[in-house]
Amino acid sequence: MLSKSQISFIKSLQQKKFRKEHNLFIVEGLKSITEFLASKYIVHTIYCLSKDISNLPKLSQKQNIFEISEQELEKISLLQTPQEALALVEIPKFNLNTLETKRGINLVLDGVQDPGNLGTIIRTADWFGFGTIICSKNTVDAYNPKVVQATMGSLSRVNIVYTDLPEFLSKQQSTKFGTLLDGNNIYNEDWPESGFLILGSEGNGISDEIISLLDRSITIPKIGNTESLNVGIAAAICCSEIRRKSLK
């Protein structure tokens with residue numbers, strides 16, 4: 001049986017300050033948990049319904065595992081319809097100096113605020129083989145439960161790094177591309193072997209400070225009449241086009 005303190009602790013991880021303090025985040029669902037178990041992430045604790053324990057992959061002695069009831073799962077789950085299991089996973093300490101950011105086009109996010117959009121972008125990056133996403137410090141926390149859920153396990157394979165974006169980009173020699181409404185047609189762009197593709201926030205786009213650091217601006221040509229394109233959709237189109245050109 002879970003104690004009140006255990007339930008309170010798990011629920012506290014909904015908040016960024018407690019995730020940071022305890023260096024843990026929440027993953028829900030057997031499928032996502034299985035993917036984190038198979039990754040470089042360290043799964044600290046698993047809470048699983050008794051009837052679903054057998055569906056977990058073989059666990060090492062490093063994981064704490066608790067068999068819980070459906071009522072207990074409802075108390076700790078953040079979902080309206082709780083899944084079979086919930087896990088606490090350690091937040092990795094990624095460092096830009098140790099990650100591969102030299103070859104290929106690297107995704108960069110400037111102030112993306114919506115958890116669903118970030119989750120979509122992470123899942124898209126995983127699909128198209130972008131292993132790292134570099135984020136400004138004011139981009140939504142990738143370990144926010146809504147982001148984690150939206151990635152459908154892809155977070156386990158994509159490195160997310162938060163940094164002082166203007167300082168980082170100002171030191172980069174590779175071409176810096178930014179998505180702007182008045183940019184060059186993305187379908188006419190020739191992508192270099194290495195570079196950075198920057199996407200801005202949903203409401204304000206790329207900040208003026210970052211725009212001043214761009215080498216080239218690109219846009220997805222508009223055919224209809226809508227004012228703007230969702231940043232998650234824009235990221236998917238850009239990733240697809242970059243990979244299409246690289247496969248030629």
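Predicted model: local features only at pLDDT ≥ 70, side-chain atom pairs only at ≥ 80, totals over all residues.

Guide: In helix H9, Val-231, Gly-232, Ala-234, Ala-235, Cys-238, Cys-239, Glu-241 and Ile-242 are buried.

Visitor: What makes a residue buried?

Guide: Its relative accessible area is under 20%. The listed residues of H9, among them Cys-238 and Ile-242, are buried by that rule.

Visitor: What covers the buried residues of H9?

Guide: The cover includes strand S5 (104-110), helix H5 (115-128), strand S8 (175-185), strand S9 (194-200) and strand S10 (216-219).

Visitor: How do you know that the span of H9 is close to the one expected?

Guide: H9 covers residues 231-246, which is 16 residues. The expected span is 1.5 Å times one less than the number of residues. That gives 22 Å, and H9 reaches 22 Å from its first C-alpha to its last.

Visitor: Which residue caps the N-terminal end of H9?

Guide: Asn-230 does. One of its side-chain oxygens lies 2.7 Å from the backbone nitrogen of Gly-232. The cut-off for a polar contact is 3.5 Å, so this pair falls within it.

Visitor: Why is strand S1 called largely enclosed?

Guide: Because 5 of the 5 residues of S1 (residues 24-28) are buried. Leu-24, Ile-26 and Glu-28 point one way, Phe-25 and Val-27 the other.

Visitor: What makes S1 and strand S4 a pair?

Guide: Pairing needs at least two bridges. S1 and S4 (residues 85-90) have 5, in the antiparallel sense. Val-27 stands opposite Ala-87 in S4.

Visitor: In which sense does strand S2 pair with S4, parallel or antiparallel?

Guide: Antiparallel, over 5 bridges. Thr-45 has Leu-88 of S4 as its bridge partner. S2 also pairs with strand S3 (residues 64-68), here in the parallel sense over 5 bridges. In S3, Asn-64 stands opposite Thr-45.

Visitor: Why is S2 called largely enclosed?

Guide: Because 6 of the 7 residues of S2 (residues 43-49) are buried.

Visitor: Which residues touch the most other members of the largest nonpolar core?

Guide: Phe-25, Ile-122, Ile-133, Leu-155 and Leu-197, out of 45 residues. H9 gives the largest share of this core, 6 residues.

Visitor: What makes the link between Ser-174 and Ser-194 a polar contact?

Guide: Their side chains make this contact at 3.2 Å. The cut-off is 3.5 Å, so the pair falls within it. Ser-174 itself lies in the loop between helix H7 (165-170) and S8.

Note on methods: Residues numbered from 1 in each chain as written. Heavy atoms only, no water. Buried < 20%, exposed > 50% of the residue type's maximum accessible area, 1.4 Å probe, protein only. Helix = DSSP H or I, 4+ residues; strand = E, 2+ residues; numbered from the N terminus. Contact = heavy atoms within 4.5 Å. Polar contact = N/O pair within 3.5 Å; in protein donor to acceptor, adjacent residues only side chain to side chain. Core = buried A, V, L, I, M, F, W, Y, C linked by side-chain atoms within 4.5 Å.
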